[in-house]
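Here is a short walk through one protein model. Keep the sequence and the 3D view side by side as you read.

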Amino acid sequence: MEREPMRIREGYLVKKGSMFNTWKPMWVVLLEDGIEFYKRKADNSPKGMIPLKGSSIHSPCQDFGKRMFVFKLTVAKQQDHFFQAAYLEERDAWVRDIKKAIHHIDGGQRFARKSTRKSIRLPETINLSALYLSMKDPEKGIKALKLEKDKRVFNHCFTGTCVIDWLVSSSSVRNRKEGLLLASSLLSEGYLQPAGDTSKAAAEGLSDTPFLDLSDAYYYFPDSGFFCEGYSSDDDVVLKEEFRGTIVKQGCLLKQGHRRKNWKVRKFVLRDDPAYLHYYDPAGGEEPLGAIHLRGCVVTAVEDMPDTKKHDADNILFEIITANEIHYYLQAASSTERTEWIKAIQSVSRTGK
(Lines give C-alpha, C1' and ligand atoms only; values in the text may rest on other atoms or scores of the structure.)
Protein backbone atom coordinates (compact mmCIF):
# COMPACT_ATOMS: atom_id res chain seq x y z
CA MET A 1 0.00 0.00 0.00
CA GLU A 2 1.35 3.41 -0.98
CA ARG A 3 2.20 5.61 1.99
CA GLU A 4 0.20 8.80 2.37
CA PRO A 5 2.41 11.91 2.20
CA MET A 6 3.15 13.39 5.61
CA ARG A 7 1.52 16.68 6.58
CA ILE A 8 4.34 19.12 7.31
CA ARG A 9 2.36 22.27 8.11
CA GLU A 10 -1.24 23.45 7.88
CA GLY A 11 -3.19 26.58 8.67
CA TYR A 12 -5.18 29.45 7.24
CA LEU A 13 -3.51 31.71 4.66
CA VAL A 14 -4.96 34.24 2.25
CA LYS A 15 -4.57 33.07 -1.36
CA LYS A 16 -4.81 35.13 -4.52
CA GLY A 17 -7.17 33.83 -7.20
CA SER A 18 -5.53 32.46 -10.33
CA MET A 19 -7.65 34.51 -12.77
CA PHE A 20 -8.86 37.55 -10.85
CA ASN A 21 -7.20 39.83 -8.33
CA THR A 22 -9.30 38.47 -5.46
CA TRP A 23 -7.78 37.33 -2.17
CA LYS A 24 -9.64 34.69 -0.16
CA PRO A 25 -8.89 32.75 3.03
CA MET A 26 -7.96 29.11 2.46
CA TRP A 27 -7.02 26.24 4.75
CA VAL A 28 -3.61 25.34 3.34
CA VAL A 29 -1.92 21.96 3.89
CA LEU A 30 1.76 21.48 3.06
CA LEU A 31 2.56 17.87 2.19
CA GLU A 32 5.90 16.27 1.31
CA ASP A 33 5.18 16.55 -2.40
CA GLY A 34 2.62 19.31 -2.81
CA ILE A 35 0.26 21.86 -1.34
CA GLU A 36 -3.49 21.35 -0.97
CA PHE A 37 -5.84 24.22 -0.26
CA TYR A 38 -9.39 23.98 1.06
CA LYS A 39 -12.12 26.57 1.43
CA ARG A 40 -12.61 25.47 5.04
CA LYS A 41 -10.65 23.34 7.46
CA ALA A 42 -13.48 20.79 7.77
CA ASP A 43 -13.78 20.19 3.99
CA ASN A 44 -12.93 16.69 2.77
CA SER A 45 -11.95 17.64 -0.78
CA PRO A 46 -9.41 20.32 -1.68
CA LYS A 47 -10.28 23.14 -4.06
CA GLY A 48 -6.90 22.64 -5.69
CA MET A 49 -3.42 21.15 -5.45
CA ILE A 50 0.01 22.58 -6.28
CA PRO A 51 2.85 20.14 -7.06
CA LEU A 52 6.20 21.09 -5.51
CA LYS A 53 8.44 19.16 -7.89
CA GLY A 54 10.33 21.71 -9.97
CA SER A 55 8.84 24.64 -8.03
CA SER A 56 10.61 27.66 -6.59
CA ILE A 57 9.60 30.01 -3.78
CA HIS A 58 10.19 33.76 -3.50
CA SER A 59 10.02 35.72 -0.25
CA PRO A 60 9.55 38.52 0.43
CA CYS A 61 7.29 39.07 -2.57
CA GLN A 62 6.80 42.73 -3.50
CA ASP A 63 4.35 42.16 -6.37
CA PHE A 64 1.50 43.53 -4.26
CA GLY A 65 2.71 46.62 -2.46
CA LYS A 66 -0.40 47.04 -0.30
CA ARG A 67 -0.25 43.49 1.06
CA MET A 68 2.34 42.52 3.63
CA PHE A 69 3.92 39.11 4.32
CA VAL A 70 3.22 37.70 0.85
CA PHE A 71 5.25 34.86 -0.66
CA LYS A 72 5.16 33.53 -4.21
CA LEU A 73 5.35 29.91 -5.31
CA THR A 74 6.25 29.37 -8.97
CA VAL A 75 5.55 25.84 -10.24
CA ALA A 76 7.42 23.98 -12.98
CA LYS A 77 4.96 25.22 -15.65
CA GLN A 78 5.81 28.83 -14.67
CA GLN A 79 2.46 29.47 -13.04
CA ASP A 80 2.59 31.72 -9.98
CA HIS A 81 0.65 31.18 -6.75
CA PHE A 82 0.54 33.93 -4.13
CA PHE A 83 -0.10 33.42 -0.41
CA GLN A 84 -0.31 35.95 2.42
CA ALA A 85 0.51 35.15 6.03
CA ALA A 86 -0.73 37.04 9.09
CA TYR A 87 2.66 38.24 10.33
CA LEU A 88 6.39 38.00 9.57
CA GLU A 89 7.23 34.93 11.69
CA GLU A 90 4.34 32.95 10.22
CA ARG A 91 5.35 33.78 6.65
CA ASP A 92 8.97 32.82 7.31
CA ALA A 93 7.91 29.50 8.86
CA TRP A 94 5.83 28.60 5.79
CA VAL A 95 8.63 29.61 3.42
CA ARG A 96 11.20 27.61 5.40
CA ASP A 97 9.11 24.43 5.40
CA ILE A 98 8.17 24.73 1.71
CA LYS A 99 11.84 25.18 0.80
CA LYS A 100 12.70 22.04 2.78
CA ALA A 101 9.94 20.07 1.06
CA ILE A 102 11.13 21.16 -2.40
CA HIS A 103 14.73 20.34 -1.49
CA HIS A 104 13.87 16.81 -0.30
CA ILE A 105 11.82 15.80 -3.34
CA ASP A 106 13.79 13.22 -5.27
CA GLY A 107 14.62 14.64 -8.69
CA GLY A 108 13.62 11.41 -10.42
CA GLN A 109 10.17 11.10 -8.85
CA ARG A 110 7.04 12.09 -10.69
CA PHE A 111 4.30 14.01 -8.94
CA ALA A 112 1.49 11.51 -9.36
CA ARG A 113 -1.03 12.37 -6.71
CA LYS A 114 -4.50 13.07 -8.09
CA SER A 115 -6.90 15.66 -6.79
CA THR A 116 -9.89 14.29 -4.92
CA ARG A 117 -12.16 16.82 -6.61
CA LYS A 118 -14.57 15.28 -9.06
CA SER A 119 -13.47 16.18 -12.56
CA ILE A 120 -15.99 17.75 -14.88
CA ARG A 121 -15.74 16.53 -18.47
CA LEU A 122 -16.63 19.05 -21.17
CA PRO A 123 -16.39 18.94 -24.97
CA GLU A 124 -13.08 20.29 -26.28
CA THR A 125 -15.00 22.88 -28.32
CA ILE A 126 -16.18 24.65 -25.14
CA ASN A 127 -14.15 27.79 -24.44
CA LEU A 128 -15.04 28.88 -20.90
CA SER A 129 -13.23 32.20 -21.20
CA ALA A 130 -15.15 33.19 -24.35
CA LEU A 131 -18.40 31.96 -22.81
CA TYR A 132 -17.75 34.06 -19.72
CA LEU A 133 -17.35 37.21 -21.84
CA SER A 134 -20.63 36.43 -23.65
CA MET A 135 -22.42 35.97 -20.35
CA LYS A 136 -21.21 39.42 -19.24
CA ASP A 137 -22.27 41.17 -22.45
CA PRO A 138 -24.26 44.30 -21.40
CA GLU A 139 -26.96 43.72 -24.04
CA LYS A 140 -27.15 39.98 -24.66
CA GLY A 141 -25.65 38.59 -21.45
CA ILE A 142 -27.06 37.73 -18.04
CA LYS A 143 -28.60 40.72 -16.28
CA ALA A 144 -27.23 41.42 -12.81
CA LEU A 145 -29.97 42.28 -10.30
CA LYS A 146 -30.52 43.35 -6.70
CA LEU A 147 -32.05 40.33 -4.96
CA GLU A 148 -33.36 39.94 -1.40
CA LYS A 149 -33.34 36.83 0.78
CA ASP A 150 -33.34 36.17 4.54
CA LYS A 151 -33.29 39.92 5.36
CA ARG A 152 -30.18 40.38 3.21
CA VAL A 153 -29.78 42.30 -0.05
CA PHE A 154 -27.48 40.82 -2.72
CA ASN A 155 -26.30 43.42 -5.22
CA HIS A 156 -25.05 42.70 -8.76
CA CYS A 157 -26.01 39.02 -8.77
CA PHE A 158 -28.39 36.59 -10.48
CA THR A 159 -30.07 33.26 -9.82
CA GLY A 160 -28.95 29.79 -10.83
CA THR A 161 -32.12 29.43 -12.88
CA CYS A 162 -31.20 32.58 -14.85
CA VAL A 163 -27.80 31.10 -15.71
CA ILE A 164 -29.27 27.86 -17.04
CA ASP A 165 -32.00 29.77 -18.90
CA TRP A 166 -29.33 31.87 -20.61
CA LEU A 167 -27.14 28.87 -21.54
CA VAL A 168 -30.13 27.13 -23.14
CA SER A 169 -31.49 30.21 -24.92
CA SER A 170 -28.06 31.12 -26.31
CA SER A 171 -27.66 27.56 -27.70
CA SER A 172 -24.56 27.03 -25.56
CA VAL A 173 -26.15 23.75 -24.39
CA ARG A 174 -28.94 21.50 -25.68
CA ASN A 175 -30.86 21.10 -22.43
CA ARG A 176 -30.87 22.04 -18.76
CA LYS A 177 -28.92 18.94 -17.73
CA GLU A 178 -26.03 19.96 -19.99
CA GLY A 179 -26.44 23.51 -18.71
CA LEU A 180 -26.00 22.31 -15.15
CA LEU A 181 -22.78 20.55 -16.13
CA LEU A 182 -21.44 23.63 -17.91
CA ALA A 183 -22.44 25.99 -15.09
CA SER A 184 -20.73 23.69 -12.58
CA SER A 185 -17.58 23.94 -14.67
CA LEU A 186 -17.79 27.73 -14.76
CA LEU A 187 -18.17 27.70 -10.98
CA SER A 188 -15.25 25.30 -10.52
CA GLU A 189 -12.95 27.46 -12.66
CA GLY A 190 -13.90 30.67 -10.85
CA TYR A 191 -15.92 32.36 -13.61
CA LEU A 192 -18.97 32.27 -11.32
CA GLN A 193 -19.03 32.77 -7.54
CA PRO A 194 -21.70 31.61 -5.06
CA ALA A 195 -23.59 34.25 -3.07
CA GLY A 196 -25.65 33.27 -0.04
CA ASP A 197 -25.87 30.15 2.08
CA THR A 198 -27.77 27.97 -0.43
CA SER A 199 -25.34 28.28 -3.32
CA LYS A 200 -22.27 28.24 -1.05
CA ALA A 201 -23.36 24.99 0.60
CA ALA A 202 -23.77 23.35 -2.81
CA ALA A 203 -20.37 24.61 -3.97
CA GLU A 204 -18.82 23.06 -0.87
CA GLY A 205 -20.20 19.62 -1.75
CA LEU A 206 -23.34 19.57 0.41
CA SER A 207 -25.61 19.01 -2.60
CA ASP A 208 -25.80 16.55 -5.50
CA THR A 209 -24.34 19.16 -7.85
CA PRO A 210 -21.99 22.09 -7.12
CA PHE A 211 -24.23 24.44 -9.12
CA LEU A 212 -27.96 24.76 -8.44
CA ASP A 213 -30.65 25.39 -11.05
CA LEU A 214 -32.82 27.18 -8.48
CA SER A 215 -34.40 30.61 -8.20
CA ASP A 216 -33.17 31.03 -4.59
CA ALA A 217 -29.54 30.08 -5.34
CA TYR A 218 -27.60 33.27 -6.08
CA TYR A 219 -24.36 33.75 -8.05
CA TYR A 220 -22.24 36.65 -9.31
CA PHE A 221 -19.34 37.44 -11.64
CA PRO A 222 -16.02 37.87 -9.74
CA ASP A 223 -15.36 41.36 -11.11
CA SER A 224 -18.95 42.63 -11.03
CA GLY A 225 -18.77 44.74 -7.87
CA PHE A 226 -20.95 42.30 -5.92
CA PHE A 227 -21.67 43.13 -2.29
CA CYS A 228 -24.18 42.01 0.31
CA GLU A 229 -26.13 44.20 2.73
CA GLY A 230 -28.41 43.38 5.61
CA TYR A 231 -26.59 43.87 8.88
CA SER A 232 -27.46 46.10 11.79
CA SER A 233 -27.00 49.89 11.86
CA ASP A 234 -23.27 49.53 12.44
CA ASP A 235 -22.57 46.19 10.78
CA ASP A 236 -23.62 42.96 12.50
CA VAL A 237 -26.50 41.64 14.55
CA VAL A 238 -25.41 40.83 18.11
CA LEU A 239 -26.85 37.79 19.87
CA LYS A 240 -27.02 37.30 23.64
CA GLU A 241 -25.18 33.95 23.54
CA GLU A 242 -22.12 35.74 22.20
CA PHE A 243 -21.22 37.02 25.66
CA ARG A 244 -20.41 33.72 27.37
CA GLY A 245 -16.67 33.66 26.68
CA THR A 246 -13.68 34.85 28.64
CA ILE A 247 -12.21 38.20 27.61
CA VAL A 248 -8.85 37.54 25.91
CA LYS A 249 -7.94 41.09 24.90
CA GLN A 250 -9.54 44.51 24.80
CA GLY A 251 -8.63 48.03 23.73
CA CYS A 252 -9.41 50.84 21.30
CA LEU A 253 -8.85 50.56 17.54
CA LEU A 254 -9.91 52.51 14.50
CA LYS A 255 -12.53 50.68 12.42
CA GLN A 256 -13.59 51.39 8.85
CA GLY A 257 -17.34 51.42 8.21
CA HIS A 258 -18.71 49.14 5.50
CA ARG A 259 -20.99 51.65 3.84
CA ARG A 260 -19.49 55.13 4.23
CA LYS A 261 -15.85 53.92 4.42
CA ASN A 262 -15.20 56.42 7.22
CA TRP A 263 -13.00 55.58 10.21
CA LYS A 264 -14.22 55.71 13.81
CA VAL A 265 -12.65 54.86 17.14
CA ARG A 266 -14.23 51.78 18.72
CA LYS A 267 -13.53 49.88 21.90
CA PHE A 268 -12.97 46.21 21.01
CA VAL A 269 -13.45 43.22 23.32
CA LEU A 270 -12.16 39.82 22.17
CA ARG A 271 -13.88 36.73 23.64
CA ASP A 272 -12.90 33.08 23.20
CA ASP A 273 -16.14 31.06 23.57
CA PRO A 274 -17.86 31.69 21.30
CA ALA A 275 -15.19 33.39 19.20
CA TYR A 276 -16.43 36.98 18.81
CA LEU A 277 -14.84 40.39 18.57
CA HIS A 278 -17.39 42.92 19.89
CA TYR A 279 -17.01 46.65 19.45
CA TYR A 280 -18.51 49.48 21.51
CA ASP A 281 -18.81 53.24 21.54
CA PRO A 282 -15.71 54.33 23.54
CA ALA A 283 -17.74 57.15 25.10
CA GLY A 284 -19.78 54.58 27.01
CA GLY A 285 -22.69 52.21 26.71
CA GLU A 286 -23.07 48.58 27.77
CA GLU A 287 -24.59 47.35 24.51
CA PRO A 288 -22.12 46.65 21.68
CA LEU A 289 -22.54 48.34 18.32
CA GLY A 290 -21.70 45.13 16.50
CA ALA A 291 -19.71 41.92 16.49
CA ILE A 292 -17.37 40.00 14.20
CA HIS A 293 -17.62 36.20 14.28
CA LEU A 294 -14.03 34.93 14.24
CA ARG A 295 -14.42 31.16 13.91
CA GLY A 296 -12.58 30.14 10.74
CA CYS A 297 -11.52 33.70 9.93
CA VAL A 298 -8.17 34.86 8.54
CA VAL A 299 -6.39 37.95 9.85
CA THR A 300 -3.49 39.66 8.07
CA ALA A 301 -1.53 42.90 8.19
CA VAL A 302 -2.03 45.33 5.30
CA GLU A 303 -0.07 48.44 4.36
CA ASP A 304 -2.72 50.50 2.61
CA MET A 305 -6.25 50.42 1.21
CA PRO A 306 -7.62 51.79 -2.06
CA ASP A 307 -10.51 53.61 -0.33
CA THR A 308 -8.34 55.15 2.39
CA LYS A 309 -7.17 58.76 2.26
CA LYS A 310 -3.63 59.46 3.41
CA HIS A 311 -4.78 61.40 6.46
CA ASP A 312 -7.30 58.73 7.42
CA ALA A 313 -4.85 55.97 8.31
CA ASP A 314 -1.21 55.65 9.32
CA ASN A 315 -0.57 52.30 7.61
CA ILE A 316 -0.74 50.27 10.82
CA LEU A 317 -3.69 48.36 9.42
CA PHE A 318 -4.89 44.79 9.61
CA GLU A 319 -7.71 42.96 7.88
CA ILE A 320 -10.10 40.30 9.18
CA ILE A 321 -11.75 38.09 6.56
CA THR A 322 -14.56 36.04 8.10
CA ALA A 323 -15.63 32.54 7.05
CA ASN A 324 -18.45 34.23 5.11
CA GLU A 325 -15.84 36.34 3.28
CA ILE A 326 -16.79 39.64 4.89
CA HIS A 327 -13.79 41.99 5.11
CA TYR A 328 -13.13 44.24 8.12
CA TYR A 329 -10.31 46.80 8.26
CA LEU A 330 -8.89 47.95 11.59
CA GLN A 331 -6.02 50.22 12.59
CA ALA A 332 -3.82 49.85 15.65
CA ALA A 333 -1.78 52.53 17.40
CA SER A 334 1.56 50.83 16.74
CA SER A 335 3.09 47.88 14.88
CA THR A 336 3.56 46.03 18.16
CA GLU A 337 -0.09 46.46 19.10
CA ARG A 338 -1.17 45.31 15.64
CA THR A 339 0.89 42.13 15.97
CA GLU A 340 -0.58 41.47 19.43
CA TRP A 341 -4.14 41.81 18.10
CA ILE A 342 -3.40 39.60 15.07
CA LYS A 343 -1.93 36.82 17.21
CA ALA A 344 -4.78 37.02 19.75
CA ILE A 345 -7.46 36.90 17.03
CA GLN A 346 -5.64 34.05 15.29
CA SER A 347 -5.58 32.03 18.49
CA VAL A 348 -9.27 32.59 19.20
CA SER A 349 -10.30 31.83 15.60
CA ARG A 350 -8.66 28.40 15.87
CA THR A 351 -9.79 27.40 19.35
CA GLY A 352 -13.08 29.28 19.86
CA LYS A 353 -16.50 28.05 18.84
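The paragraphs below move from a lysine and a helix to the charged pairs and the cysteines. One point comes before the tour: this is a predicted model.

Start with K15. This lysine sits in strand 1, which covers residues 7-16. K15 is buried, yet no salt bridge involves it. Where is the nearest side chain of opposite charge? That side chain belongs to D80, and it is 11 Å away. A salt bridge requires the charged nitrogen and oxygen to come within 4 Å. What does K15 touch instead? Beyond its neighbours within four places in sequence, its contacts include W23, M26, F37, I50, F82 and F83. T22, K24 and H81 are in contact with K15 as well.

Move on to helix 1. This helix runs over residues 88-104 and has 17 residues. From first C-alpha to last, helix 1 reaches 25 Å. Several residues of helix 1 are buried, among them E90, R91, W94 and D97. A93, V95, I98 and A101 are buried too. D97 also takes part in a network of salt bridges, together with R9 and R96.

Now look at salt bridges across the whole structure. How many does a search find? The count is 11. One of them joins the side chains of E319 and R67, at 3.6 Å from N to O. The pair links distant parts of the chain, 252 residues apart. E319 is in strand 18, residues 317-321. R67 is in the loop between strand 5 (56-58) and strand 6 (70-74). Are these two buried or exposed? Both E319 and R67 are buried.

Another salt bridge joins D213 and R176, with the closest N and O atoms 2.9 Å apart. D213 lies in the loop between helix 5 and strand 11, and R176 in helix 4 (residues 176-188), so the bridge ties together parts that are 37 residues apart in sequence. D213 counts as partly exposed because its relative accessibility is 27%. R176 is partly exposed as well, at 34%.

Leaving out residues up to four places away in sequence, D213 touches G160, T161, I164, R176 and L180. G160 is 53 residues from D213 along the chain, yet their C-alpha atoms are separated by 4.7 Å. The side chain of D213 also makes a polar contact of 3.5 Å with that of T161.

A further salt bridge pairs K249 with E340, where the closest N and O atoms are 3.6 Å apart. This pair, too, links distant parts of the chain: K249 is in strand 13 (residues 247-256), E340 is in helix 6 (residues 335-351), and 91 residues separate them. E340 is partly exposed, with a relative accessible area of 42%.

Finish with the cysteines. How many disulfides does the structure hold? It holds zero. C162 is partly exposed, at 31% relative accessibility. C297, in contrast, is buried, with a relative accessible area of 3%.

How values were computed
Residues numbered from 1 in each chain as written. Predicted model: local features only at pLDDT ≥ 70, side-chain atom pairs only at ≥ 80, totals over all residues. Heavy atoms only, no water. Helix = DSSP H or I, 4+ residues; strand = E, 2+ residues; numbered from the N terminus. Buried < 20%, exposed > 50% of the residue type's maximum accessible area, 1.4 Å probe, protein only. Lys, Arg positive; Asp, Glu negative; His and termini not counted. Contact = heavy atoms within 4.5 Å. Expected span 1.5 Å × (residues − 1). Polar contact = N/O pair within 3.5 Å; in protein donor to acceptor, adjacent residues only side chain to side chain. Disulfide = S-S within 2.5 Å.
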